[in-house]
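Thank you all for coming.

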Amino acid sequence: MSNDLARGPGATEVDDVAVAPPLSQRARSLAFAAIPYVVAVLAAFLVVGIIITVLGHDPTRAFRAVLTNSFRNQTGFVQTLHKWAPLTLLSLAFAIPLGAGRFNIGGEGQMILGTIGAAAVGITLSDLPLVVLLPLVIVVGVLAGAVWAAISAWLMESFKINEILSTVLLNFVSFEVLDYVASVVWSDPGAGGAVTLPVGEGAVLPGIGRPPMHTGVLLVVLVSVVAAVMARRSVAGFELRAVGLNERASKLHGIRTGRVAVTSMVVGGALAGLAGAIEVAGVHQRTLEGVQSNFLLLGIIIGLIARGSLTAVPFVAFGIAVLEVGAGSMQRVSGAPVEIVLILEGLILLFLLMSDVATERFRRARASRAAKGALA
């Protein structure tokens, strides 16, 4: 799988400085790289169109509803951006450890802990002014997610416990913690479910426009830019790439591979915690059971579709957010079930992975023919 930290196709290295290829060559490389995505998307839509037809619905109406709902009016666009923000953060929480060869499957639990930490501060310190309370809510949410991920990172580094196992199991622990907090500690008796009391007014993210878009979206844009720049331009980004490509060689060249792996997990947890804090401060103004929605599954799908590229993650996340927001409209307009959208997203990933296999086999066959030709 390609990595965001890898040098661009055709780049050379002189005295450890990457020399960019000509613009035309880069354009051709980007166009060639886009082909598998285009083919995967078209194939996925074709298969899903057949499924919708078999179910007795009109695929044209269904696809039109999915793809236009987010842009039909300002309300749909704001909903898409509010969906895009946590999707991007959960995708980065998966993609950053992936760059070091680690699999953070605990974004769900880390996000939940982020919502709990943010809600705890927003409820207990509700009398504080916005300039004090809102930063506290965000910071505590980030720290809660980072600490939850640090548990798995510590088990991984100290006892060699597989991070996939520990992060998945900690997700289940987080469900119980959320249930206890929302049902016992700060339960809202009038909510009729596992829902906490609302946070104070000072813990709510300000909105922009009408309908209001919470400013957490702008914070996610900033985080995405910083992540992409750090991945490409920093020493930490280089070490992350090196460990992901060859951990043994990295260790031999003096890179502290354990520290890099642990740091990537903790950073991923912090980003998932930030997603939870933004959901509390920008969307729900409290935490509740189910606040994590299906963000973990979609975050993994987005990270894999983006092939671990931190630059590509926000753009892929926006496309998935468009599909997610349009799912409800599709069901109302065409009668097709909303689960069709999840099938579509999974098929895009499946066909993209199949294209990788086909490309690799074609490359090997071409290399074999070239070798035989040289021997002849």
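**Starting from a valine**

Let me begin with Val-217, which is buried at a relative accessible area of 4%, where buried means under 20% relative accessible area, exposed means over 50%, and partly exposed is in between, with a 1.4 Å probe and protein chains only. Before I go further, please keep in mind that this is a predicted model, in which local features need a pLDDT of at least 70 and side-chain atom pairs count only at pLDDT 80 or more, while totals for chains, interfaces and linings use all residues. Residues are numbered from 1 along each chain as its sequence is written, and side-chain values use heavy atoms, with hydrogens and water left out.

As for confidence, the protein chain averages a pLDDT of 90, and 94% of the residues score at least 70, pLDDT being the predictor's confidence in each residue on a scale from 0 to 100. Residues 1-19 have a pLDDT below 50, and in the model this stretch makes 35 contacts beyond near neighbours in sequence, a contact being heavy atoms within 4.5 Å.

Coming back to Val-217, you will find this residue in helix H7, residues 216-233; helices (H or I, at least four residues) and strands (E, at least two) are DSSP runs, numbered from the N terminus. If we set aside neighbours within four places in sequence, Val-217 is in contact with Leu-81, His-82 and Trp-84. Val-217 and Ile-278 lie 61 residues apart in sequence, with 8.6 Å between their C-alpha atoms.

Another buried residue is Leu-349, at 12% relative accessibility, which sits in helix H13, residues 339-375.

**The aromatic rings**

A search of the whole structure finds six aromatic pairs, where rings of Phe, Tyr and Trp (its six-membered ring) pair if their centres lie within 6.5 Å, with planes under 30 degrees apart counted as stacked, over 60 as edge-to-face and the rest as tilted. One of these is the tilted pair of Phe-71 and Phe-77, at 6.3 Å centre to centre and with 40 degrees between the planes. What kind of pair do Phe-77 and Phe-318 make? Their planes stand at 65 degrees and their centres are 6.4 Å apart, so this pair is edge-to-face. Because Phe-77 lies in helix H3 (residues 74-99) and Phe-318 in helix H12 (residues 313-334), the pair ties together parts that are 241 residues apart in sequence.

Phe-71, Phe-77 and Phe-318 form one aromatic cluster, and its members are partly exposed: Phe-71 at 48% relative accessibility, Phe-77 at 33% and Phe-318 at 25%. Phe-71 itself is placed in helix H2, residues 59-72, and beyond residues up to four places away in sequence it touches Phe-77, Phe-318 and Val-322.

Two packed helices are described by the angle between their axes and the distance between the axes. Here, axes are lines fitted to C-alpha atoms, for helices over the stretch in contact, and angles run from 0 to 180 degrees between N-to-C directions.

Helix H4 (residues 107-124) and helix H5 (residues 130-159) pack at about 145 degrees, with their axes 7 Å apart. The contact of H4 with H5 has ten nonpolar, seven polar and no charged residues, with Ala, Val, Leu, Ile, Met, Phe, Trp, Tyr, Cys and Pro counted as nonpolar, Asp, Glu, Lys and Arg as charged, and the others, Gly among them, as polar.

H5 also meets helix H6 (residues 163-185), the axes coming within 9 Å and crossing at roughly 145 degrees, in a right-handed crossing. The residues that meet include Trp-148 and Met-156 in H5 and Glu-163 and Leu-170 in H6, and this contact divides into six nonpolar, four polar and one charged.

Is Glu-163 buried or exposed? Glu-163 is buried, with a relative accessible area of 8%, and, leaving aside neighbours within four places in sequence, its contacts are Gly-101, Arg-102, Phe-103, Met-156 and Met-265.

Technical notes:
Left-handed = near helix turned anticlockwise from the far one by under 90°.
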